[in-house]
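Here is a quick tour for anyone meeting this structure for the first time. Have a look at it, then read on.

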Amino acid sequence: MDKNDTNKRLRERLIDAQDGLLSRDELERLEKEVRAHDPQLWKDHQWMMRQSGEGVPGLFAEMRAEQPDGEAIRRFHQRREAEGGSQMALEHLVWQLFRRYVLTVGLVLIVLLTGLQMGSSEDVSASSRDEMTRYLGTEQQQMPELNHWLYEDL
């Protein structure tokens, strides 16, 4: 248990060293202590320090160091006003998309479904009996008659 606590404490101190929170004297003492306890841990720390300027961590470090332009927001608003001002408002954009796509598709579907319904409504009762006969596989004479007296109360 003591070795695990020591490993944990040393790793926390090495992370502080990677973040640059330790002075040169503290770093030298930490190096001696880590090398005495676990030399591989110090090698890992050295490797991490070399990686900090390369690859993805290096890219993030550059992003952190870059300061935003103070005039960027003002220029954005000027450009937006020049392009049409209120035309770029969210509600205008939503209404434009709704009007253009949703209403158009809705009207086309209504016309299409109405046309299909009108074209297929010739003799619905006769066709339904034929379909039932086809699905059930029984002839008209074999189908039982409904007992209408059961449903008179309804």
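Which residue forms a salt bridge with Glu31? Arg35 does, with the closest N and O atoms 3.3 Å apart.

## Ground rules

This is a predicted model, where local features need pLDDT of at least 70 and side-chain atom pairs count only at pLDDT 80 or more, while totals for chains, interfaces and linings use all residues. Residues are numbered from 1 along each chain as its sequence is written, and side-chain values use heavy atoms, leaving out hydrogens and water.

## Salt bridges

The structure has 3 salt bridges (a side-chain nitrogen of Lys or Arg within 4 Å of a carboxyl oxygen of Asp or Glu). Glu31 and Arg35 sit 4 residues apart in helix α2, about one turn of the helix (helices are DSSP runs of H or I, at least four residues, numbered from the N terminus).

Glu33 pairs with Arg9, their closest N and O atoms being 2.6 Å apart. Glu33 is in helix α2 and Arg9 in helix α1, so this pair ties together parts 24 residues apart in sequence. Arg74 and Glu71 also meet in a salt bridge, at 2.4 Å from N to O.

## The two sides of α3

Leu41, Trp42 and His45 are the buried residues of α3 (buried means under 20% relative accessible area, exposed over 50%, partly exposed in between, with a 1.4 Å probe and protein chains only). They cover an arc of only 100° around the axis, so they lie on the same side of α3 (the arc is that of the directions from the helix axis to the C-beta atoms). Over on the other side, Lys43 and Arg50 are exposed.
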